[in-house]
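Please open the model in your viewer and keep the selection panel at hand. The stops below run from the whole chain to individual side chains.

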Amino acid sequence: MCMSKPSDPKISLDQTAFTHLLEVGGTDLLLQLIDSFFKRSVILVETILQAMQKKDLESVQFACHTLKTQASYLGAHHLHQQTEALELLARKNAFSELQARLPDWEKTYHQSAQLIKEEQQKYIK
C-alpha cells in the first residue's frame, strides 16, 4: 500500500482510496470529492469548535460523523479514526476527554488537509 509522506509519521493518505475513486469515476469524481471535502470540512471543523465552546455535544457528534465519512473516502484514515473517537466521546457526553483530544485532532485535520491538497494538485490540468 503506497502512502503519501506525512509531516507526522502517523498522518498519511491511503493511495488505494484514490485509485478506487479513479477507477469508479475518473479524475472528475476524484476532484469533485476533494472539492466537496474542502468546502464542507471547513464548515464542519468550525461547527465542532464552536459547538465545543457551547458544550453542544450533539452538534459535535453530528459534525464529526459527517467529517469522518469524507475523510475515509479520501484515504485519510488517521483523521477518520480520530474524528470517530471524538464522535464517540460526544455521544458519551465525555466533554473533558473530548476537550483534551481536540488539539491533536485539529493538528491531524490540518496535516491531512494539506496532504489532500497536495494529492489534488496531481490531478488538476
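For the charge count, Lys and Arg are taken as positive and Asp and Glu as negative, while His and the chain ends are not counted; each charge is placed at NZ of Lys, CZ of Arg, CG of Asp or CD of Glu. Select these side chains across the protein: there are 14 positive and 15 negative ones, and the centres of the two sets lie 2 Å apart.

This is a predicted model, in which local features need pLDDT of at least 70 and side-chain atom pairs count only at pLDDT 80 or more, whereas totals for chains, interfaces and linings use all residues. Residues are numbered from 1 along each chain as its sequence is written, and side-chain values use heavy atoms, with hydrogens and water left out.

Next, switch to a cartoon, where the protein shows four helices and zero strands (DSSP runs of H or I with at least four residues, and of E with at least two, numbered from the N terminus).

Now select Lys 68, which is buried at 11% relative accessibility (buried means under 20% relative accessible area, exposed over 50%, partly exposed in between, with a 1.4 Å probe and protein chains only). Glu 87 forms a salt bridge with Lys 68, their closest N and O atoms being 2.7 Å apart (a side-chain nitrogen of Lys or Arg within 4 Å of a carboxyl oxygen of Asp or Glu). Glu 87 lies in helix α3 and Lys 68 in helix α2, so this pair ties together parts 19 residues apart in sequence.
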